[in-house]
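This report looks at a few parts of one protein model. Please view the sequence and the structure together while reading.

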Amino acid sequence: MNSPIRCSSVCSTLVALTFASALYATNGMNMEGYGPVATSMGGASFAYDNGTAGVINNPATLALMEEAARLDLALGVLGPDITATNPAGVSADSSATSFFMPAFGYTRRSGDWVYGAAVFGQGGMGCEYDPASWRGLGFDLINRTEVSLGRAILPVAYRVNDRLTIGATADFVWAGMDLQMAMSGPQFFDLVDPTQQNFGRASGSLVSGFQQMMMQLPMGTNVDYAYFDFSNSSDFTGEAQGYGFAGKIGLTYEVNETFTFGLTYHAKTDLGDLDAPGNNLAFQLNIPGMGAMAQSLTGTIKVDDFEWPAMLGAGFAYRPSSDWLFVADLRHVLWADVMDQFAMSFTADNVATNGNFAGAVLDSVLYQDWDDQTIIQLGAAYRVTPQLTVRGGFNYGNDPVPDTFLNCLFPAIIKTHITGGLGYQFDDRQSLDFSLTYAPEVKTTSGYGITVSHSQLNAQIMYGYRF
């Protein structure tokens with residue numbers, strides 16, 4: 001495994017697998033921690049060697065590694081438990097309750113330099129409701145979201161002297177999204193009626209054409225639903241896809257033999273739009289004397305300007321003895337810069353089956369207005385024996401999603417994580433680390449009167465081999 005070329009087939013497979021994984025919201029849309037060593041200690045990771053997960057935490061920690069090279073193979077299992085309850089008290093449970101997330105990292109030391117390659121899932125959110133539940137609006141409509149973002153990362157770190165390390169990464173970033181979202185008539189009219197637009201807005205020639213059509217139909221005509229539908233059955237990609245770049249920088253400084261602090265900055269991604277050609281926008285009217293009239297328009301859906309936010313982080317590691325480690329991080333995630341709205345555009349194909357809407361355009365926005373998020377991560381580790389280490393931690397971040405604009409398809413409302421785990425060193429070369437995270441239930445009621453409850457039970461395991 002010393003050559004990047006010999007690793008290429010493994011890397012390609014893991015990139016595909018990571019791309020397939022829809023990661024469920026914990027700290028906003030980020031995971032509560034990356035790698036089981038850090039995750040078991042509340043996610044704190046900025047000021048000590050936590051393996052190759054440093055590529056997504058603080059790349060400067062890679063220069064703290066003592067071995068000549070290291071390979072980590074990890075698997076995460078995420079277990080969200082999400083329920084949406086309508087104002088009448090009828091509940092719908094999300095069937096998306098178990099997801100698998102592989103990752104890998106390889107780093108090599110050359111003098112004071114460390115370099116390598118890694119693939120990690122950054123985060124995401126989503127759920128899926130039974131079409132027979134109230135979320136199907138009585139028309140057996142599937143309601144699901146699946147948002148994921150992954151990174152292929154090339155890190156480099158340098159030990160400047162006995163106290164200072166610096167590091168940086170170049171990240172190739174990919175994002176995927178599936179969305180099947182049913183809107184009731186009142187929700188749809190809130191978008192298209194300029195006198196409403198409390199939760200979003202819609203405009204364009206398709207809206208104008210729809211309004212003209214409604215004026216020609218009998219009084220009392222209602223909209224049963226509008227339905228955005230771009231989703232595929234692939235295990236590797238979302239229907240809407242985008243690619244781009246990002247990067248990170250960081251440092252660690254050893255104040256003395258017991259105390260180290262770390263700083264890191266993660267840049268905002270440069271992804272742009274997620275494109276989903278060949279998909280559908282549908283609606284159904286209920287016309288007096290005629291009954292239901294459904295129309296499905298084919299065309300291209302685009303998620304406009306989808307980006308992952310920048311993050312500033314600082315942390316410390318304190319070793320009062322060879323057996324104890326205490327760590328703490330503070331993260332500030334700039335969600336407000338990228339999650340002020342969720343914008344989509346739809347351009348109908350210029351074909352006869354689209355009727356009067358052929359070539360029409362719809363620009364729609366759902367208000368999000370997320371707040372920035374500050375996250376506190378605390379943890380400790382104790383080496384019970386030369387082989388066995390036990391870890392525990394705590395993670396708290398404010399809910400960045402305003403109650404008013406909470407959508408039960410985007411339930412990123414988790415606040416607290418209680419974490420723990422174990423590490424076992426088999427010999428000088430091989431180790432196994434495990435983490436378990438419990439996120440207690442959070443309940444929030446949206447501006448539509450829909451109450452969303454969300455809890456999680458997550459686990460990660462990692463095999464490490466030192467060369």
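A hairpin of four residues leads from β6 to β7. Strands here are DSSP runs of E with at least two residues, helices are runs of H or I with at least four residues, and both are numbered from the N terminus. The model is predicted, so local features need pLDDT of at least 70 and side-chain atom pairs count only at pLDDT 80 or more, while totals for chains, interfaces and linings use all residues. Residues are numbered from 1 along each chain as its sequence is written, and side-chain values use heavy atoms, with hydrogens and water left out.

Strand β6 (residues 143–159) pairs on both of the following counts. β6 and strand β7 (residues 164–184) run antiparallel and are joined by 16 bridges; Ile153 has Asp171 in β7 as its bridge partner. Strand β5 (residues 113–129) also runs antiparallel to β6, with 14 bridges, and Gly126 stands opposite Glu146 in β6. Two strands count as paired if DSSP finds at least two bridges between them. In β6, 12 of the 17 residues are buried, where buried means under 20% relative accessible area, exposed over 50% and partly exposed in between, with a 1.4 Å probe and protein chains only.

The structure has seven cavities of 30 Å³ or more. A cavity is a set of points on a 1 Å grid over the protein atoms alone where a 1.4 Å probe fits but cannot get out, and its lining residues have an atom within 4 Å of a point. Grid points are joined across faces, edges and corners, and the volume is the space filled by probe spheres set on the points.

| Cavity | Volume | Lining by class |
|---|---|---|
| Largest | about 290 Å³ | 12 nonpolar, six polar, two charged residues |

Ala, Val, Leu, Ile, Met, Phe, Trp, Tyr, Cys and Pro count as nonpolar, Asp, Glu, Lys and Arg as charged, and the others, Gly among them, as polar. Of the 20 residues lining the largest cavity, Gln187, Leu366, Leu406, Asn407 and Tyr448 lie nearest its centre. β7, α3 (185–192) and β17 each give two or more residues to this lining.

Finally, Asn354 lies in the loop between β16 (341–348) and β17 (361–367). Asn354 counts as buried because its relative accessibility is 0%.

Notes:
On a 1 Å grid over the protein atoms alone, a cavity is a set of points where a 1.4 Å probe fits but cannot get out, and a pocket is an open set with protein on both sides within 12 Å along at least five of seven lines; lining residues have an atom within 4 Å of a point.
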